[in-house]
Amino acid sequence: MTVSGVALLSICTLLGVFLGDLLGIALGVKANVGGVGIAMMFLIAARLWLVRRGLLSHGLKTGVEFWGSFYIPIVVAMAAQQNVVAAAKGGPIVVIAGIGAVAVCFAMVALIGRLSGRVETMDEIEAREALEATVPHFKSGRIG
Amino acid sequence: MTMISHILAANSLLTAFAAVGILMWVSGAISKYLTFGRIHGSAIAIMLGLVLAFFGGIATGGEKGVADLPALTGIGLMGGAMLRDFAIVATAFEVDVVHARKAGAIGAVALGLGTVVPFILGVFVAAAFGYTDAISMTTIGAGAVTYIVGPVTGAAIGASSPVIALSIATGVFKAVIVMIGTPFVAKMIGLNNPRSAMVFGGLMGTVSGVSGGLAATDRRLVPYGALTATFHTGLGCLVAPSILYFAVRAITGG
């Protein structure tokens with residue numbers, strides 16, 4: 001049933017938000033601490049458990065995945081209701097933080113790549129796989 | 001005319017679905033025909049959303065963007081905390097633990113760095129622009145991680161709407177630069193194999209940015225980058241409003 005997926009998702013989200021609030025109180029802040037992240041971990045655990053028991057039905061999957069596919073439209077709606085007029089006054093901060101973050105991350109991709117040594121490029125992998133694919137063809141005669 | 005606006009207002013959530021749907025459809029067309037797929041439709045849709053919120057704010061003088069227009073109050077519900085958390089949690093369902101292991105240690109390192117480094121940078125930029133309270137600094141820092149982590153963090157720790165809007169805009173801007181810039185720097189940063197694509201996905205984070213950027217570089221790399229990038233939002237939503245917020249608060253003292 002589709003509703004079981006929606007219910008599972010609701011239970012995980014509610015539990016996560018609840019624990020996030022509890023964690024916030026325990027840490028002495030008026031905030032939800034990592035509620036969404038905790039809920040995500042519940043959902044991943046629930047999925048693993050269901051798969052192992054063979055209980056992951058098509059309907060259940062549909063119920064969860066529908067909402068998963070909905071998150072970009074929801075983010076669009078979220079963007080459309082922000083106080084952008086006030087934010088526009090802080091304009092350059094967006095450009096500087098955005099460009100800075102990307103530049104630093106690009107540099108780190110290069111750095112990690114250099115530090116971890118050479119690996120096969122995509123072209124080399126495809127060349128090798130193409131070669132491997134042709135070899136057994138010569139060895140084994142086609143049966144049937 | 002009054003009848004139409006009455007129907008729209010009475011079915012506000014349905015109106016919101018329709019409005020956002022049309023907006024996404026238009027954005028998809030812009031992405032396809034004006035940018036030739038270089039900029040992802042979703043990033044364009046979010047930018048258009050921010051632009052509409054700007055004009056909505058000017059037209060109504062309110063603080064809630066287009067949600068202040070009577071016919072579009074449903075946008076407030078659709079993009080509100082409840083459905084937003086619900087939908088973001090749902091995306092975790094697609095995370096395959098078996099695939100996660102494949103990304104391995106290097107993916108985890110990239111993910112960790114990809115969350116912390118942009119965050120720190122964002123916090124410093126926020127500080128440079130005169131934001132001194134831990135909540136605003138954390139929210140803007142989280143926006144430099146991704147445009148999802150920013151508002152989720154801001155809502156969790158109680159940031160103001162202008163600050164949340166800034167953090168969304170920062171994240172979207174980052175995604176757009178990743179999409180446009182990746183093909184140009186691909187050679188320089190060694191983006192030609194699955195492993196570097198996984199590192200790239202973990203560091204850059206934004207799924208739309210990563211998949212758009214990698215698609216423009218080399219289509220075969222997309223799944224590897226997307227694999228690590230999908231963990232980015234979850235990790236960010238977990239650590240930004242908790243550990244990272246406490247770290248900022250401890251340093252700034254409030």
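Trainee: What is the make-up of residues 93–112 of chain A, and how far apart do the end C-alpha atoms lie?

Mentor: That span is 100% helix and 0% strand, with its end C-alpha atoms 28 Å apart. Helices here are DSSP runs of H or I of at least four residues and strands are runs of E of at least two, both numbered from the N terminus. This is a predicted model, in which local features need pLDDT of at least 70, side-chain atom pairs count only at pLDDT 80 or more, and totals for chains, interfaces and linings use all residues. Residues are numbered from 1 along each chain as its sequence is written, chains are lettered from A and ligands numbered from 1 in the order in which they are written, and side-chain values use heavy atoms, with hydrogens and water left out.

Trainee: Which spans of chain A does UniProt list as "transmembrane region"?

Mentor: The unreviewed UniProt entry lists residues 7–27, 33–50, 62–81 and 93–112 of chain A under that name. UniProt positions are given in the numbering used here, with feature names shortened, and such annotations may be inferred rather than shown by experiment. Over residues 7–27 of chain A, the model gives 95% helix and 0% strand, and the end C-alpha atoms are 30 Å apart. Chain A as a whole comes to seven helices and zero strands.

Trainee: What does the UniProt record give for chain B, and what do residues 138–157 look like in the model?

Mentor: In the unreviewed entry, UniProt places "transmembrane region" at several spans of chain B, including residues 71–93 and 138–157. Residues 71–93 of chain B are 74% helix and 0% strand, with end C-alpha atoms 34 Å apart. Residues 138–157 of chain B are 75% helix and 0% strand, yet their end C-alpha atoms are 9 Å apart. Chain B has twelve helices and zero strands.

Trainee: Why does A:Phe70 get its accessibility class, and which class is it?

Mentor: Buried means under 20% relative accessible area, exposed means over 50%, and partly exposed is in between, using a 1.4 Å probe and protein chains only. At 16% relative accessibility A:Phe70 therefore counts as buried, whereas A:Phe66, at 43%, counts as partly exposed. By chain, 43% of the 144 residues of chain A count as buried, and 55% of the 254 residues of chain B do.

Trainee: What kind of aromatic pair do A:Phe66 and A:Phe70 form?

Mentor: Rings of Phe, Tyr and Trp (its six-membered ring) pair if their centres lie within 6.5 Å, and planes under 30 degrees apart count as stacked, over 60 as edge-to-face and the rest as tilted. The structure holds eight aromatic pairs over all chains. A:Phe66 and A:Phe70 are 5.2 Å apart centre to centre with 35° between the planes, and the pair is tilted. Ring pairs also link A:Phe66, A:Trp67, A:Phe70, B:Phe17 and B:Phe86 into a cluster.

Trainee: What makes the pair of A:Phe106 and B:Phe200 stacked?

Mentor: Their centres are 6.3 Å apart and their planes are at 10°, which falls under the 30 degrees set for stacking. The pair crosses between chains, running from A:Phe106 in helix 6 (residues 92–115) of chain A to B:Phe200 in helix 10 (residues 194–204) of chain B. Both A:Phe106 and B:Phe200 are buried.

Trainee: How do you know that A:Arg47 lies over the face of B:Phe93?

Mentor: A charge sits over a ring if NZ of Lys or CZ of Arg is within 6 Å of the ring centre and within 35 degrees of the ring normal. A:Arg47 is at 5.4 Å from the ring centre of B:Phe93, and lies over its face.

Trainee: Why does B:Ala10 count as exposed?

Mentor: B:Ala10 has 54% relative accessibility, so it counts as exposed. B:Ala10 is found in helix 1 (residues 2–10) of chain B. B:Ala10 and B:Thr73 are 63 residues apart in sequence and 9.8 Å apart in space, C-alpha to C-alpha.
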